[in-house]
Amino acid sequence: MILVYQWCIAMPILIVATIVTAITTIFGGLLGFGKWAGYYPPHLWARLWCILMFVKIKVKGRENIDKKTSYIFVCNHQGAYDIFAIYGYLNHRFCWMMKKSLEKIPLVGLACIKAGHIMVDQSSASAIKRTMQTAESRLRGGNSLVVFPEGARTCDGKMRRFKRGAFILSNEFKLPVVPVTIDGAFSVMPRNTYNIKPGTINITIHHPIPAPNHVQDIENTMKQSFDCIQSALPDNYRS
């Protein structure tokens, strides 16, 4: 019965909402309101995806961050619903660091570009350099950044090894790293299905970790972030 509701009632509403949100974001960006249009319409859109699909989000640790401070948020990547949970309930303005391949999604890809999100291109050394330059320009503007340092969704719920990109940016711009644990998104929608299971996603915002002072400290910051995120996961999801 729940699948009938999801696919016949909720999904058509969400498809329309996605189109409207993408168009609003695109035109907002074209008119010079990229910061507003890139956050608030998608923020409401993400909440709608959770509400209509009976996915409850619980957040702990908002008191650990300051809305007026820029951070680099690093999150584990359990499933597609990580996007909705963070966009809808982190309650901190940010831009995403996301795969360049997402540019190809009709409307949504263009909306992401106009919203100022950072499209990660790893096709060559020069492409990686351009990605880092784009990230630098976004962070100079006072934005926060959300990154999934594992690079892709987990296949089994367990955390995977982190990549260095987010921590290099933290070192370069002296921005604190905020580890964020997402628990429950793997049960709601793992990467091997399009069906969404009603449930609860718990988000834990940990205390900020000071930016590494030297390049040599990046590995330590990565390990500290990894351990911090993992500490709020059940044993079966720990690496």
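Which residue takes a positive phi just after helix 7? In this predicted model, that residue is K174, whose phi is about 55°.

## Helix 7 and what covers it

Helix 7 spans residues 165–173, and its buried residues are A166, F167, L169, S170 and N171. The cover over these buried residues is drawn from several elements, which include strand 2, strand 3, strand 5 and strand 6 as well as helix 6 and helix 9.

Just beyond the end of helix 7 comes K174, the residue with the positive phi already mentioned.

## The packing of helix 6 against helix 7

Helix 6, made up of residues 125–140, has an axis that comes within 11 Å of the axis of helix 7, and the two axes cross at roughly 50°. Since angles under 35 degrees count as roughly parallel and those from 65 to 115 as roughly perpendicular, the two helices are therefore oblique to each other. The crossing of helix 6 past helix 7 is right-handed.

On the helix 6 side, the residues that take part in the meeting are M132, A135, E136, L139 and R140, while helix 7 contributes G165, I168, L169, E172 and F173.

## Strand 2 between its partners

Strand 2 consists of residues 72–75, with I72 and V74 pointing one way and F73 and C75 pointing the other way, and all of these residues are buried. The strand is joined to strand 5 by three bridges, and the two run parallel; within this pairing, I72 stands opposite L145 of strand 5.

Strand 2 also runs parallel to strand 6, which covers residues 177–183, and here four bridges join the two strands. In this second pairing, the bridge partner of C75 is V180 in strand 6.

## Salt bridges

Side chains of opposite charge can pair when their charged atoms come close.

Another salt bridge brings together the side chains of K100 and E103, with an N to O distance of 3.1 Å; K100 is partly exposed at 33% relative accessibility, and E103 is partly exposed at 27%. A further salt bridge is formed by R238 and D235, whose closest N and O atoms are 3.8 Å apart, which falls inside the cut-off of 4 Å. In this pair R238 is partly exposed, with a relative accessible area of 30%, whereas D235 counts as exposed because its relative accessibility of 63% is over 50%.

## Positive phi in two loops

F54, which is found in the loop between helix 3 (40–52) and strand 1 (55–60), has a phi near 60°, a positive value in a residue other than glycine. With a relative accessibility of 47%, F54 counts as partly exposed.

N91 lies in the loop between helix 4 (81–89) and strand 3 (94–99), and although N91 is not a glycine, its phi is positive, at about 60°. The relative accessibility of N91 is 24%, and this residue therefore counts as partly exposed.

When its neighbours within four places in sequence are left aside, T21 is in contact with P41, P42 and W45.

How values were computed:
Residues numbered from 1 in each chain as written. Predicted model: local features only at pLDDT ≥ 70, side-chain atom pairs only at ≥ 80, totals over all residues. Heavy atoms only, no water. Buried < 20%, exposed > 50% of the residue type's maximum accessible area, 1.4 Å probe, protein only. Pairing = 2+ DSSP bridges. Axes fitted to C-alpha atoms, helices over the stretch in contact; angles between N-to-C directions. Parallel < 35°, antiparallel > 145°, perpendicular 65-115°, else oblique. Left-handed = near helix turned anticlockwise from the far one by under 90°. Contact = heavy atoms within 4.5 Å.
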